[in-house]
Amino acid sequence: MAHDHETHGHHHHDHTDIDWSRMAEHLETQAELFTPLYERALAWLGHKQTEPGLIVDAGSGPGVLSCLLAEAFPGARVVAVDGAEPLLERARARAARLGVADRFGTLAGELPAILDDLDYPVDLLWASRSLHHLGDQRAGIAAFAARLARGGTLALMEGGLPARFLPRDIGIGRPGLQARLDALEEERFAHMRTELADSVAEVEDWPALMASAGLRHTGTRSFMLDLPAPTTDRARAYIAASLGRLREGFAEQLDADDRDTLDRLLDPEDAASVHRRADLFVLVVHTVHTAVRTG
């Protein structure tokens, strides 16, 4: 939802209890569905960093965005960095399928320390909703900045607006279900942040944090994904999976009425379910902040 901390950050802080086959499929499905949004963001970014030699996708997951970076910047070498080797295996396989494997590499390890293993300074470092999985985000940005070449760009995708799939009043249960799920997501995100190692509370003023690392802020822009109703089968499956994860994750926090509503929404046999209803859509906004190393 608002932070997508289960689906974008790739759990840099803990890899021990994750079903990576299930997680990877969800990550890939979401990133593929969101590709139009990412393509617009990368087109905007291409006007800021025109011919990068080395691009790093910090927190790449299964590499959907890494490969989009390779396609958007055909003269660049792309390195996908993630703490989960099973996801990087998928990234390499995707790069091979898309014909960019000859200029595509991977690096397995925890951010930001693993970036010290890079052989060269970075011309474009892309971090898509991975920074908020670092306990000390200010230190994380400083580490990202330290890896940039002179004139290199740091692009952070953080913030935006929660995803919406359903009208406020869906005809079953109490109106405003997604707003209540958003509130639970916010609480879980805040708890996740406090549980991270070396967690430091920061005002999420990303341009200011980039400036504190010696970078010059060069722009902030938001990009929208708008898949109106009636939506596609692919989007419908993604929505069902997303709501299913929320139903599972918030089973104890949801009141009985909202649990029943989610159960109906997830029941393929129910005419009111997301598998059947015609008013389903996907509307989401992600924000990108860019800054350049000048010295």
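The model I am reading is a predicted one.

I then searched the whole structure for aromatic pairs, and the search returned 4. One of them joins Phe-34 and Tyr-238, with 5.8 Å centre to centre and 75 degrees between the planes, an edge-to-face pair. I checked where the two partners sit: Phe-34 is in the loop between helix H1 (20-33) and helix H2 (35-46), while Tyr-238 is in helix H8 (residues 233-249), so this pair ties together parts that are 204 residues apart in sequence.

Are Phe-34 and Tyr-238 buried or exposed? I read 1% relative accessibility for Phe-34, so Phe-34 counts as buried. Tyr-238 has 4% and therefore counts as buried. The cut-off for buried is under 20%.

Next I took the rings of Phe-165 and Tyr-238. Their centres are 5.9 Å apart and their planes stand at 85 degrees, so I noted the pair as edge-to-face. Phe-165 belongs to the loop between strand E5 (148-164) and helix H6 (177-195), and the pair links it to Tyr-238 in helix H8, 73 residues apart. I also noted that ring pairs link Phe-34, Tyr-38, Phe-165 and Tyr-238 into a cluster.

I turned to helix H5 (residues 137-146) and listed its buried residues: Gln-137, Gly-140, Ile-141, Phe-144 and Ala-145. They lie on the same side of H5, because they cover an arc of only 140 degrees around the axis.

Which residue caps the N-terminal end of H5? I found Asp-136 there, with a side-chain oxygen 3.3 Å from the backbone nitrogen of Arg-138.

Conventions
Residues are numbered from 1 along each chain as its sequence is written. This is a predicted model: local features need pLDDT of at least 70, side-chain atom pairs count only at pLDDT 80 or more; totals for chains, interfaces and linings use all residues. Side-chain values use heavy atoms; hydrogens and water are left out. Buried means under 20% relative accessible area, exposed over 50%, partly exposed in between (1.4 Å probe, protein chains only). Helices (H or I, at least four residues) and strands (E, at least two) are DSSP runs, numbered from the N terminus. The arc is that of the directions from the helix axis to the C-beta atoms. A polar contact is a pair of N or O atoms within 3.5 Å; within protein, one must be able to donate a hydrogen and the other to accept it, and residues adjacent in sequence count only if both atoms are side-chain atoms. Rings of Phe, Tyr and Trp (its six-membered ring) pair if their centres lie within 6.5 Å; planes under 30 degrees apart count as stacked, over 60 as edge-to-face and the rest as tilted.
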